[in-house]
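Opening the notebook on this one. I'll jot down what I looked up, spot by spot.

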Amino acid sequence: MNNSILVVIVASGIAYGTPLLFAALGELLAERSGVLNLGVEGMMLVGAVMGFWAVQTIGGPGRTTLVLAVLVAAIAGALVALIFAFLVITLRANQIVSGLALTIFAGAAGLSSYLGNDLGLADSPAEHQFEPVDPFGLADVPVLGPILFGQTWLIYVSWVLVVVISLYLNRTRPGLNVRAVGESPQTADAMGISVSAYRYAHVLAGGALAGVGGACFSLALTPQWVDGLTGGAGWIAIALVIFSFWRPELCLVGAYFFGAFQALPFTLQARGVTIAPELFQALPYLMTIVVLVIVSSGISKRRLGAPGALGVPFVREER
Amino acid sequence: MTVRIERRLTQPHWLKVAVPAGSLVVAFFLIAIVLLATGHDPAATYRDLFEAAFTAPGALTQTLIGATPLIFTGLAAAAAFRMNLFNIGGEGQLYFGTIGASAAGLLLAGHSAPVLIVAMIVAGFASGAAWALIPGFLRAYLSTNEIITSLMLNYVAGLFLTYLIFDSHSYWRDTTSASAAVFPIGKVLPDAANWPTFGSSVVIPFGFLLGVVAATLLWVLYSRTRFGFEVQVMSDSPRAARYSGMRTRRKILAVMALSGGLAGLGGASQVGDFLHTLDADPKGLRAYGYGYTGIVVAALARYNPFAVVLIAFLLGGLQNAGAALQGPDFPSGLVGVMEGMILFTALGGELLVRYRVRFARRRPVVAAAEPKTPASEAAR
């Protein structure tokens, strides 16, 4: 029963969806503060390469090393995001071009490849990796076992993160301030909220989470380093934020949905079913377009809409 | 001392040249720091780079090959960004250009070279334009943000390409030859569909010349016609355009089609000049990201068509040199780092064109009017 196709698809959807979830939660924070960062793929790759570097060089017991490696990945992601934040917040540069520049700078043919090459990470097997854990010995329970208990710690961390971010945005003062900054920076500024401080903080947090998302690849899913390891997951994460209407709890559902579509071709192939895999792989992108059309059409704008000031630089002198 | 940033009322002409040039100098300085920090000799790296890009035997020919697609995708981005239409789907539109142009070349096999070449140009432009009209239509009639839709469609286009060659028995796929049995490939176009080249010591591809012609036409269109004037008004003040009766929706569709068509021409040139088949290999055409680099080209060129040609030539040189030098002395990924760094400084430098930075003594009045910090706000 635990090998039935549906269970396998859901379980692999969760495994593949976790890096998407981390990266999308980060992008969600940045977008809620009004900054559209298209550099997710680049930040993920730098997180992945630095996380892998940490695991290879720190040494010591596996568990501490892995925790430190995730931290290193988060810091690396945040540092890359800092470049972007400085450009678009302090220097008021175009967010779209800056985000693409970030991906070119840090991406598969940029800094991540440079670092992987200079630190000599390619072709070396991982010293440690996140193993599936089974804290309660329930992994053999029918249906729910493999879905809920045969997973790595990263997945449980991501669930906590969803709850924390959801509470933060809806129930805390700083969280409400972020939303004000994203909806109407002029109003937020008049309220005495520092727009640029909030934007800096959330773009950096977004970078850190993207770094962790990248580390999910190099420390758990595919424990190794090759150029372009994340294979476009950063772009799916951007799509996911829109697909989930900028809400963390829907992000969780969407991430597993998109993750399942990525894993589905492999699962089906292993069972001898041959449907063109491109169809499934294209679905996340097509569904995002559909959602975007729904969001932007007049009917639903009020309840589901994007942050009002998304992508617009805030210039205090020009209200 | 405080730093104050004020909007310039007029932008002096010399700044529009001085700032990009200055940005380039700053970028090369920053990259030198990165190189030093990782134990490479910047002076030697720059010298090798320049030689491999421009002065080594055959280098200019390779640089022109690298520059050709960037001219088209750069013009595509410039055409749309001028109207504040952020079409970042140049990548997918270029793929569709290759699909259309190779279909034309295969279908009309047996015709003379001029017929084939014209057909490929038309088909490439039309397929790119058609793919760009999807986000264009969504933007014009459903006011859906074109940035994300055009970006998503890049991936759909890439997957479609894979489907055509790897997972179906499409018209484009070669199913007969011996090598196709080992690894799926596209049918090879007839020889008459190979675009000509000019020159002997430096070989100029036909696509490069076509790109220069396209840049000239785009410049004429945007600075010498009513169409260009209306686009300018719509980008500067959409409201003024609407009140004066300009048809914004039609213009969105036209500009998106033009932008996608230019990217599609880039695809046609890839097929006609270099590939002579439909290339779906993820490590082939799709790995170069010409569509994305085109946006970088357009931004560096400040959306000026002639500057696009120049910047495409320089970046083509950089990419060519990166490919030629790849090895222990020239770390992989350096080209991307350099491109990114140049773009960062150029984008940052833009501030100096639009704004004036003033250093002034802090006055008590200004200090009193400053808002509370988020920390003090959160503490309450």
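**A glycine in chain A**

I looked up A:Gly211 to start, and it is buried because 33 C-beta neighbours sit inside 10 Å (buried means 20 or more other C-beta atoms within 10 Å of its own, with C-beta atoms placed from the backbone). This is a predicted model, where local features need pLDDT of at least 70, side-chain atom pairs count only at pLDDT 80 or more, and totals for chains, interfaces and linings use all residues. Residues are numbered from 1 along each chain as its sequence is written, while chains are lettered from A and ligands numbered from 1 in the order in which they are written.

A:Gly211 belongs to helix 10 of chain A, residues 195-221 (helices are DSSP runs of H or I, at least four residues, strands are runs of E, at least two, and both are numbered from the N terminus). Leaving out neighbours within four places in sequence, I find A:Gly211 in contact with residues including A:Met43, A:Val46, A:Gly47 and A:Ala73 (contact: C-beta atoms, placed from the backbone, within 7 Å).

**Where the chains touch**

I get 47 residues from chain A and 47 residues from chain B in the contact. On the chain B side, helix 15 gives the most, with 13 residues.

I noted B:Tyr355 in strand 6 as the bridge partner of B:Arg7.

Technical notes:
Two residues are in contact if their C-beta atoms, placed from the backbone, lie within 7 Å. A residue is buried if 20 or more other C-beta atoms lie within 10 Å of its own, exposed if 12 or fewer, and partly exposed in between; C-beta atoms are placed from the backbone. Two strands pair if DSSP finds at least two bridges between them.
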